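Visitor: Hi! Could you walk me through this structure, starting with what is tucked away inside one of its helices?

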Amino acid sequence: MTVGAIEEILIEEAFFNTQNEFCVKHCDKFEDTDENKIIYTSLFQEYTDLMENMLNTRLESKIPVRDLFVCSRLSKTVLKLISSYFLI
């Protein structure tokens with residue numbers, strides 16, 4: 001149930017649009033170099049907070065309260081995977 005709920009959220013248009021809007025808003029701050037800028041850290045944190053809040057809010061509407069702790073831990077793992085995918 002929990003994994004299915006997370007999967008449904010990840011394929012929602014709203015989830016995609018939120019990611020896309022964030023990328024478009026901040027794309028001018030990235031350069032194709034080997035060196036990382038200090039701003040990347042704050043952007044990564046902003047992205048993680050944004051997506052985590054969205055995922056948790058959506059999970060709260062789909063999952064019974066007793067299962068939310070497990071969902072929260074699982075959603076953090078999922079967001080780490082998504083973040084690493086976009087940072088490749």
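Guide: Happy to! The buried residues of helix 3 are Tyr-40, Leu-43, Tyr-47, Thr-48, Met-51, Glu-52, Met-54, Leu-55, Asn-56 and Leu-59. Buried means under 20% relative accessible area, exposed means over 50%, and partly exposed lies in between, with a 1.4 Å probe and protein chains only. Helices (H or I, at least four residues) and strands (E, at least two) are DSSP runs, numbered from the N terminus.

Visitor: Where does this model come from, and how are things counted?

Guide: This is a predicted model, in which local features need pLDDT of at least 70 and side-chain atom pairs count only at pLDDT 80 or more, while totals for chains, interfaces and linings use all residues. Residues are numbered from 1 along each chain as its sequence is written, and side-chain values use heavy atoms, with hydrogens and water left out.

Visitor: Thanks. How many helices and strands does the protein chain have?

Guide: The protein chain has four helices and zero strands. Along the sequence the pattern reads α-α-α-α.

Visitor: And what percentage of the residues is buried?

Guide: Of the 88 residues in the protein chain, 31% count as buried.

Visitor: Back to helix 3. How far does it reach?

Guide: Helix 3 has 25 residues and reaches 37 Å from its first C-alpha to its last, close to the 36 Å expected at 1.5 Å a residue. The expected span is 1.5 Å times one less than the number of residues.

Visitor: Which residues make up the largest nonpolar core?

Guide: There are twelve: Ala-5, Ile-6, Ile-9, Phe-15, Phe-22, Leu-43, Tyr-47, Met-51, Met-54, Leu-55, Leu-59 and Ile-63. Helix 1 (2-10), helix 2 (13-26) and helix 3 (38-62) are the elements that give two or more residues to this core. The largest share, six residues, comes from helix 3. A nonpolar core here is a set of buried Ala, Val, Leu, Ile, Met, Phe, Trp, Tyr and Cys residues joined through side-chain atoms within 4.5 Å.

Visitor: Let's move to helix 2. Which residues are buried there?

Guide: In helix 2, the buried ones are Phe-15, Thr-18, Gln-19, Phe-22 and His-26. They cover an arc of only 95° around the axis, which puts them on the same side of helix 2. That arc is taken from the directions from the helix axis to the C-beta atoms. On the other side of helix 2, Glu-13, Glu-21 and Val-24 are exposed.

Visitor: Why can residues a few places apart share a side?

Guide: An α-helix has 3.6 residues a turn, so residues three or four places apart point the same way.

Visitor: You listed His-26. What does it touch?

Guide: His-26 counts as buried, at 6% relative accessibility. Leaving aside neighbours within four places in sequence, His-26 is in contact with Leu-43 and Glu-46. The C-alpha atoms of His-26 and Leu-43 are separated by 8.1 Å, and the two residues are 17 apart along the chain.

Visitor: New topic! How many salt bridges are there?

Guide: A search of the whole structure finds three. A salt bridge is a side-chain nitrogen of Lys or Arg within 4 Å of a carboxyl oxygen of Asp or Glu. One joins Glu-12 and Arg-58 (2.6 Å, N to O). That pair links distant parts of the chain, with Glu-12 in the loop between helix 1 and helix 2 and Arg-58 in helix 3, 46 residues apart.

Visitor: What about the others?

Guide: Lys-29 and Asp-28 meet in a salt bridge at 3.9 Å, N to O. Lys-29 is partly exposed, with a relative accessible area of 25%, whereas Asp-28 counts as exposed at 59%. Glu-31 and Lys-37 also meet in a salt bridge, at 3.0 Å, N to O.

Visitor: Last one: how many disulfides?

Guide: The search finds zero, where a disulfide is a pair of cysteine sulfur atoms within 2.5 Å.

How values were computed:
Contact means heavy atoms within 4.5 Å.
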